[in-house]
Amino acid sequence: AYNRVLEIHKQHLSPVLTAYFSEPLLLHQGHMEWLFDYEGNRYLDFFSGIVTVSVGHCHPKVNAVAQKQLGRLWHTSAVFFHPPIHEYAEKLSALLPEPVIFLMNSGSEANDLAMLMARAHSNNTDIISFRGAYHGCSPYTLGLTNVGFHKMELPSGMGCQSTMCPDVFCGPWGGSHCRDSPVQTIRKCSCAPDCCQAKDQYIEQFKDTLNTSVAKSIAGFFAEPIQGVNGVVQYPKGFLKEAFELVRERGGVCIADEVQTGFGRLGSHFWGFQTHGVLPDIVTMAKGIGNGFPMAAVVTTPEIAKSLAKRLLHFNTFGGNPMACAIGSSVLEVIKEENLQENSQEVGTYMLLKFAKLRDEFEIVGDVRGKGLMIGIEMVKDKTSRQPLPREEVNQIHQDCKRMGLLIGRGGTFSQTFRIAPSMCITKPEVDFAVEVFRSAFIQHME
Ligand code: PMP
């Protein structure tokens, strides 16, 4: 059966859908933070379907709500009202000041709409994102997505060309995250990411970008509170706040892409932007919002919502469908009832400390960083050269972890950073298990 699946995949599914492992996993079932394959092997899911299964696979409460709604009403389209959408709007709006909500189906679609809003409101055209950003794969958002392995040249006439900030942020390990740049030459600052020197330097670069002619009419500035796909990259302390101020001085709108960082994952706060002490004009969200059910949202101010409405009738068939809204409501309830944000904080802090110990133990662990349950482990050849560990070697460690029952993600320009983002119900004993799996994989690698 396994070989047949591989055959069908090769014959009939798009060649861009590449599997994570040389022997791809055929998954069959999920229960909370665990996944099971067809042979009955179980895996601790430390990536939760790319930072998406926020409260656990097939969470019993979410399942029960989905089943109830399934027997009641699936779809009405956005032109009819139904109770789940209003219940959801009420719940989500309690989490943001004066919000106007647009319900959508995916992160890319949400960011597309945020771009339209920024342009409609500011009457400007240029959009800025960071080097290393991931904001989606639609023709519009592709112009904003700038992770090394994801960057592609669009055929002329396709998509939107937005302005990238040049190397605004290079990670603490010399920016091996940054595209096109050998590690040594772009290493601008040798201090910790939260040092003031780094912040001032990046602010100067940010100003330069804003002052280039192309970005003079800035409509919007997109930022992930922590870059996810780029390998869990954090900004220096205070940087985002100053960047927001500079954008606003020029009439631009600030957009927080909370697709990975929202819904309590960072532990200390419900939204990632709160960890930077900023309040965005537009917040986009997807992934964890529906625990894996396709759902997304754009939340903005009444003024921006009005600017958009004056210019355009915005519509999508599935956004805010009864199934998604019922599931979204139960996800919010579960996060609250089960104290999952607090758990992200507690278990995330515990995990960061445990991984920091591994970093001290192994020469190939260059950096351990992150917040709450969004953690990156950057692999290097050695701590002196800080060159990324070659891809084949990272692949081997990744594969070994899978063999020992642990599923983790990858990110960064050279795919050199392991990304950890389990469901928020994860426990400390499960973290201990994961740390031991990593330790064994590192030891095997060194032998
Ligand atoms: N923004 C961020 C920060 C993301 O990580 C992603 C997906 N990786 C997206 C937007 C796009 O979301 P989707 O895949 O649902 O279109």
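Predicted model: local features only at pLDDT ≥ 70, side-chain atom pairs only at ≥ 80, totals over all residues.
## Strands that pair

Two strands pair if DSSP finds at least two bridges between them. Strands (E, at least two residues) and helices (H or I, at least four) are DSSP runs, numbered from the N terminus. With that in hand, look at strand S9 (residues 282–285), which pairs with strand S10 (residues 296–300) in the antiparallel sense over 4 bridges. Valine 283 has valine 299 in S10 as its bridge partner. S9 also pairs with strand S8 (residues 253–257), here in the parallel sense over 3 bridges. In that pairing, aspartate 257 has threonine 284 in S9 as its bridge partner.

Is S9 covered or open on its faces? Both faces are covered: Ile282 and Thr284 on one side, and Val283 and Met285 on the other, are all buried. A residue is buried if 20 or more other C-beta atoms lie within 10 Å of its own, exposed if 12 or fewer, and partly exposed in between, with C-beta atoms placed from the backbone.

Residues are numbered from 1 along each chain as its sequence is written.

The pLDDT is the predictor's confidence in each residue, from 0 to 100. For the protein chain the mean pLDDT is 86, and 87% of its residues reach 70 or more. Residues 155–196 have a pLDDT below 50, and this stretch has 107 contacts in the model beyond near neighbours in sequence. Two residues are in contact if their C-beta atoms, placed from the backbone, lie within 7 Å. For the complex, the predictor gives an ipTM of 0.99 and a pTM of 0.92.

Where they meet, 36 residues of domain 1 are in contact with 34 residues of domain 2. Among the elements that give two or more residues to domain 1's side are helix H12 (340–361) and strand S11 (365–371). That side has 12 nonpolar, 18 polar and 6 charged residues. Here Ala, Val, Leu, Ile, Met, Phe, Trp, Tyr, Cys and Pro count as nonpolar, Asp, Glu, Lys and Arg as charged, and the others, Gly among them, as polar.

## Around the ligand

Which residues come nearest to the ligand? Of the 15 residues around the ligand, they are Ser106, Gly107, Ser108, Gly136 and Val259; a residue is near a molecule if its C-beta atom, placed from the backbone, lies within 6 Å of it. Helix H5 (residues 107–122) gives the most to this shell, with 3 residues. By class, the shell has 5 nonpolar, 8 polar and 2 charged residues.

## An open sheet

Another place to look is an open sheet of 4 strands, with the order S1-S2-S3-S13 and mixed pairing. Strand S1 (27–31) and strand S13 (406–407) stand at the edges with a single partner strand each, so one side of each is left without a neighbour in the sheet. S1 pairs with strand S2 (residues 34–37) in the antiparallel sense over 4 bridges, and leucine 27 stands opposite aspartate 37 in S2.

Most residues other than glycine have a negative phi. Isoleucine 50, in helix H2, has a positive phi near 60°. Cysteine 58 has a positive phi too, of about 50°, and is found in the loop between H2 and helix H3 (60–70).
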